[in-house]
Amino acid sequence: MSLRRRVVDTLRTLVWAHTVLGSSAHRIRSYQRAADLFDRWDGDIVADRASGALAATPGVGRSTLALVDDLIAGAVPDALLDVQHRLPEGLFELRAVRGLGPKRTRALYDSLGITSLAELAYACHENRLVSLPGFGAKLQRTLAAEAERVQSQAHLHRRDQAMAAFRAVQQAHPDAVLVGDLARGAEVVDQVEVVLLVPAPMPETDVPV
């Protein structure tokens with residue numbers, strides 16, 4: 001995944017998380033504006049950060065620059081670690097459920113204590129969503145089907161995620177060769193297949209005594 005894409009995805013995760021947390025509208029709008037700005041960014045983020053062009057761009061404040069610096073360094077931004085600490089880990093699974101935005105996620109979390117995809121599916125099975133304001137029977141059926149879809153694809157990985165895993169293997173084993181569906185150009189795979197080239201052993205020879 002490109003640096004620009006990682007910046008955008010991180011900022012959009014923060015928009016989602018702070019909406020679920022009920023943070024101030026100003027903070028949420030700031031993250032959203034920054035995400036939209038980087039989504040349109042056509043320059044080299046590393047070069048633009050070094051030259052000062054990024055810092056001089058309206059809408060890019062100190063917190064956004066710190067986030068970019070962390071991602072350039074390959075670290076998890078402090079702002080992301082903060083929301084990951086404040087929200088249950090499983091709650092982030094719900095981002096993949098179509099029709100369930102951050103405000104509805106917050107309603108499920110606050111009213112029903114739902115903190116994971118499995119808990120959402122179970123709540124739908126128990127018919128617990130129909131009484132929530134803004135939900136109803138039709139949306140509950142939609143979310144139940146969506147939860148099933150996401151659960152069935154939980155073992156699948158996007159190409160960029162799979163390639164990142166392969167590069168990690170390649171760092172430890174430079175002779176690793178990519179094979180399988182990923183090598184054939186598949187955009188979604190269920191595993192990363194590699195072949196490790198092991199040098200052939202030297203033939204044994206009799207050494208005269």
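Arg 27 touches His 18 and Arg 86, leaving aside residues up to four places away in sequence; here, contact means heavy atoms within 4.5 Å. You will find Arg 27 in helix H2, which covers residues 25–39. Helices (H or I, at least four residues) and strands (E, at least two) are DSSP runs, numbered from the N terminus. With a relative accessible area of 38%, Arg 27 is partly exposed. On this scale, buried means under 20% relative accessible area, exposed means over 50%, and partly exposed lies in between (1.4 Å probe, protein chains only). The C-alpha atoms of Arg 27 and Val 15 are 8.4 Å apart, although twelve residues separate the two along the chain.

A word on what you are looking at. This is a predicted model, in which local features need pLDDT of at least 70 and side-chain atom pairs count only at pLDDT 80 or more, while totals for chains, interfaces and linings use all residues. Residues are numbered from 1 along each chain as its sequence is written, and side-chain values use heavy atoms, with hydrogens and water left out.

Now step back to the whole chain. It has ten helices and four strands, and along the sequence they come in the order α-α-α-α-α-α-α-α-β-α-β-α-β-β. Of its 209 residues, 33% are buried. Among contacts with a separation of 6 or more, 51% join residues 24 or more positions apart.

After H6 comes Gly 113, with a positive phi near 70 degrees.

Next, look at how two helices meet. Two packed helices are described by the angle between their axes and the distance between the axes. The axes of H7 (residues 117–125) and H8 (residues 136–152) come within 9 Å and cross at roughly 145 degrees. These axes are lines fitted to C-alpha atoms, for helices over the stretch in contact, and angles run from 0 to 180 degrees between N-to-C directions. From H7, the residues Leu 117, Ala 118, Leu 120, Ala 121, Ala 123 and Cys 124 meet Gln 140, Leu 143, Ala 144, Ala 147, Val 150 and Gln 151 of H8. Sorted by type, the residues of this contact are ten nonpolar, two polar and no charged. Ala, Val, Leu, Ile, Met, Phe, Trp, Tyr, Cys and Pro count as nonpolar, Asp, Glu, Lys and Arg as charged, and the others, Gly among them, as polar.

Is Leu 143 buried or exposed? This residue of helix H8 is buried, at 0% relative accessibility. Leaving aside residues up to four places away in sequence, Leu 143 touches Val 97, Arg 98, Gly 99, Leu 100, Cys 124, Leu 129 and Phe 135. The C-alpha atoms of Leu 143 and Cys 124 are separated by 7.6 Å, with the two residues 19 apart along the chain.

Finally, visit the loop between H7 and H8, the place of Asn 127. This residue is partly exposed, at 45% relative accessibility. Phi of Asn 127 is near 65 degrees, a positive value in a residue other than glycine.
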